[in-house]
Amino acid sequence: MDNENISSDSCPIARSLAFAGDAWSILILRDAHGGLTRFDQFRKSLGIAPTMLTRRLATLTEEGLLEKRRYSEHPPREEYLLTAAGRDFLPVLFMIGAWGRQYRGGGKLTRFFDAETGTEIKAVAVDEVTGAKIGTRPMRMVTPDES
């Protein structure tokens with residue numbers, strides 16, 4: 001798949017997949033939401049090769065989901081913090097997880113809880129306009145050429 005071509009595609013799903021469509025990027029974002037910020041933390045959590053991690057962090061930074069901040073001058077060290085766009089990616093992660101729990105589950109799975117209420121988070125995507133659960137009503141796609 002040619003990321004340059006899909007990053008300018010009219011479909012927002014295709015555009016998003018151009019930079020976040022690989023497992024490493026998604027898992028880095030998951031771990032960032034879990035509080036990891038440093039290169040070595042990501043590497044240890046994911047078991048990812050340093051060169052691969054460097055590339056993925058650079059892409060997520062260039063795309064505006066993470067930002068680098070220096071936390072040590074001697075030696076120079078940087079950490080990766082979620083931006084507003086990165087924080088807004090959390091519902092996407094939860095929807096992927098909900099699908100995985102239903103269709104790729106089995107065995108012991110990680111669970112996520114609301115830190116304030118202690119209740120388990122059960123993600124569902126709802127259309128803001130109709131209030132209907134996405135996937136329960138027919139939909140149609142309209143390309144920019146058709147509008």
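**Briefing: a buried serine and ring contacts**

Ser25 lies in helix H3, which spans residues 23-33. The model is predicted. Ser25 counts as buried because its relative accessibility is 0%, and buried means under 20%. Two aromatic pairs are counted. The rings of Phe94 and Phe112 form an edge-to-face pair.

**Surroundings of Ser25**
- Leaving aside residues up to four places away in sequence, Ser25 touches Phe19, Ala20, Arg56 and Leu60.

**Phe94 and Phe112**
- The ring centres of Phe94 and Phe112 are 5.2 Å apart.
- Their planes meet at 70°, so the pair is edge-to-face; the cut-off for that class is over 60 degrees.
- This pair links distant parts of the chain, with the two residues 18 residues apart.
- Phe94 belongs to helix H7 (residues 90-103), while Phe112 is in the segment after H7.
- Phe112 has 40% relative accessibility, so Phe112 counts as partly exposed.

**Trp99 and Tyr103**
- The rings of Trp99 and Tyr103 have centres 5.6 Å apart.
- Their planes stand at 40°, so this pair is tilted.
- Both residues, Trp99 and Tyr103, lie in helix H7.
- They are four residues apart, about one turn of the helix.
- Tyr103 counts as exposed because its relative accessibility is 52%, and the cut-off for exposed is over 50%.

Conventions
Residues are numbered from 1 along each chain as its sequence is written. This is a predicted model: local features need pLDDT of at least 70, side-chain atom pairs count only at pLDDT 80 or more; totals for chains, interfaces and linings use all residues. Side-chain values use heavy atoms; hydrogens and water are left out. Buried means under 20% relative accessible area, exposed over 50%, partly exposed in between (1.4 Å probe, protein chains only). Contact means heavy atoms within 4.5 Å. Rings of Phe, Tyr and Trp (its six-membered ring) pair if their centres lie within 6.5 Å; planes under 30 degrees apart count as stacked, over 60 as edge-to-face and the rest as tilted.
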